[in-house]
Amino acid sequence: MSSSIRRVTPIVPSVLASLLLSLIAVSSPSAASFDLPPLNSPASTEHHAGKMVWADLVTPDLAAAERFYGGLLGWTFQTVHSGDPDYAIALAGGVPVGGLLQKPIPAGEHRQSAWLTFFAVHDVDASKRDALARGAKVVADTKSYPHRGRQAVLADSEGAVFAILASSSGDAPDYLAAPGEWIWSSLLCQDPDAEAAFYQEMFGYDVFDLASDDGLTHLILSSDDYARASANAFPADSRRRHAHWLNFVRVASTADMLDKVVAAGGRVLVEPHVDRHGGLVAVVADPAGAPFGLMEWTAGDSKVEPQ
Amino acid sequence: MTLIHARRLAAAFSGIGLLILGACAVTGVGVDGSVGVGYDAGYYEPYGYDYGGWGGAYRVGPGRGGDRRGGGPHPGGAGHGYRPAPSSRPTPSIPSGSRGGSRAR
């Protein structure tokens, strides 16, 4: 027995050590290369809870998405991770505006590519707890990325999916989005009152009920005395009523963009029309079906200055 | 098993412990498992949005500020409605300053 132990004991740790070294060798390249850039550069301590600060597109064809958005909006792309998954950062005029994630559509499921909206929070874990207590569900649990911060993906009580992000580099200052950047986010839902209450509790929004000509509820959600988003009842004739966030990119001319959208393989979902601010908006879909909005916004001053 | 063998065994398992810690550090797996190597924000929506009925009167964008207010929470929102901003406050607009401009906040 004693001699048997002498023969075996030096071998067992060696084998285990080899296995662990193999584990390190296998896992480290993936970890090292998936390095999200900071949200805000240079870093600051500025935070704007409830502000849309990022968007991720999940798409089955990253190269096609880059061609579409690059051709349409002039975005450039920086590959952050190659492999499983492929992920690229989209830049508008050199400013990071979102990420493009290639992911296969689950086999046997009829799913659609979409943009995921990220809202700034101070504390992801506390915000997640608050959201769950108010009927939200976790889509992707909290996770930290070294230079990005901590984030989670949730679905609100109506099923609209959104993400919360506590940026470790602070949030960008408030400024008017340049053409090619995200300028607005709208929630389309069954019950805007309840949804506004949900997001008000999460982000501390001020809520403004707007008079409307269509007889439907339209609410402006604001923080820091800036309008951040809107919550809207579904259009009257809408048959498929799956709550979702819809983001708008600022463009110089909505009408001029539509031919480009179609030529690049996209579709026009809502024809251009004048929105509340006096500029044209439209809703389009990229070749994979991900919807997003186009919004003109002339740089005229707002009537109301922040208090 | 002799004392020497026991020491060797202890040293070997201490080394393994260090390797485990090293592996965690390199792979980014924290004690709560919340720091990962992948990126799992990708989410596919149920297929097919319907934008029917979104006509010219249907408006979802921000105004230029000071837009006409509605009547507060609707009757259907009672019980789960939001707290409306004071009626004395005008509806705000989006930021108007340029990047790095003096009025940007």
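The model is a predicted one, in which local features need pLDDT of at least 70 and side-chain atom pairs count only at pLDDT 80 or more, while totals for chains, interfaces and linings use all residues. Residues are numbered from 1 along each chain as its sequence is written, and chains are lettered from A and ligands numbered from 1 in the order in which they are written.

**Helix α4(A)**

Now extend the selection to residues 124-133 of chain A, the whole of α4, where A:Val124, A:Ser127, A:Lys128 and A:Ala131 are buried. Looking down the axis of α4(A), one finds these buried residues within an arc of 100°, so they line one face of the helix (the arc is taken over the directions from the helix axis to the C-beta atoms). They pack against β7 (137-145), β8 (149-155), β9 (161-167) and α5 (192-203) of chain A, where contact means that two C-beta atoms, placed from the backbone, lie within 7 Å. The helix lies across β7, β8 and β9 of chain A and runs at about 15° to β8(A); such angles, from 0 to 180 degrees, are taken between the N-to-C directions of axes fitted to C-alpha atoms, for helices over the stretch in contact. Just after α4(A), stop at A:Gly135, whose phi is positive, at about 100°.

Next, display the open sheet of eight strands in chain A that has the order β2-β3-β4-β1-β6-β9-β8-β7 and mixed pairing (strands pair if DSSP finds at least two bridges between them). Its edge strands are β2 (76-81) and β7 of chain A, each of which pairs on one side only. Neighbouring strands here are turned by 25° against each other on average, with direction ignored. Inside this sheet, β6 (residues 114-120) and β9 of chain A pair in the parallel sense over three bridges, and A:Phe119 stands opposite A:Ile164 in β9(A).

**The other sheet**

Move on to a further open sheet of eight strands in chain A, ordered β11-β12-β13-β10-β14-β17-β16-β15, again with mixed pairing. β11 (206-210) and β15 of chain A stand at the edges with a single partner strand each, so one side of each has no neighbour in the sheet.

Within it, select β14(A), residues 244-251, of which eight of eight are buried. β14(A) pairs in the antiparallel sense with β10(A), residues 182-189, over six bridges, with A:Trp245 as bridge partner of A:Leu187 and A:Ser185 opposite A:Asn247. With β17(A), residues 291-296, β14(A) pairs in the parallel sense over four bridges, and there A:Val249 has A:Leu294 as its bridge partner.

The hairpin has five residues between the strands, and A:Gly278 takes a positive phi near 100°.

**The nonpolar core**

Colour the largest nonpolar core, which has 99 residues (a core is a set of buried Ala, Val, Leu, Ile, Met, Phe, Trp, Tyr and Cys residues joined through C-beta atoms within 7 Å). A:Leu116, A:Ala163, A:Leu165, A:Ile183, A:Leu221 and A:Leu294 touch the most other members, and α5(A) gives the largest share, seven residues. Centre on A:Ile183, whose contacts, not counting residues up to four places away in sequence, include A:Phe248, A:Trp297 and B:Ile94.

**Chain B and confidence**

Finish with chain B, which has one helix and one strand (DSSP runs, H or I of at least four residues for helices and E of at least two for strands, numbered from the N terminus). Its average pLDDT, the predictor's confidence in each residue from 0 to 100, is 68, and 50% of its residues score at least 70. Treat residues 17-33 of chain B with care, as pLDDT stays under 50 there. The model scores ipTM 0.82 and pTM 0.82.

How values were computed. A residue is buried if 20 or more other C-beta atoms lie within 10 Å of its own, exposed if 12 or fewer, and partly exposed in between; C-beta atoms are placed from the backbone.
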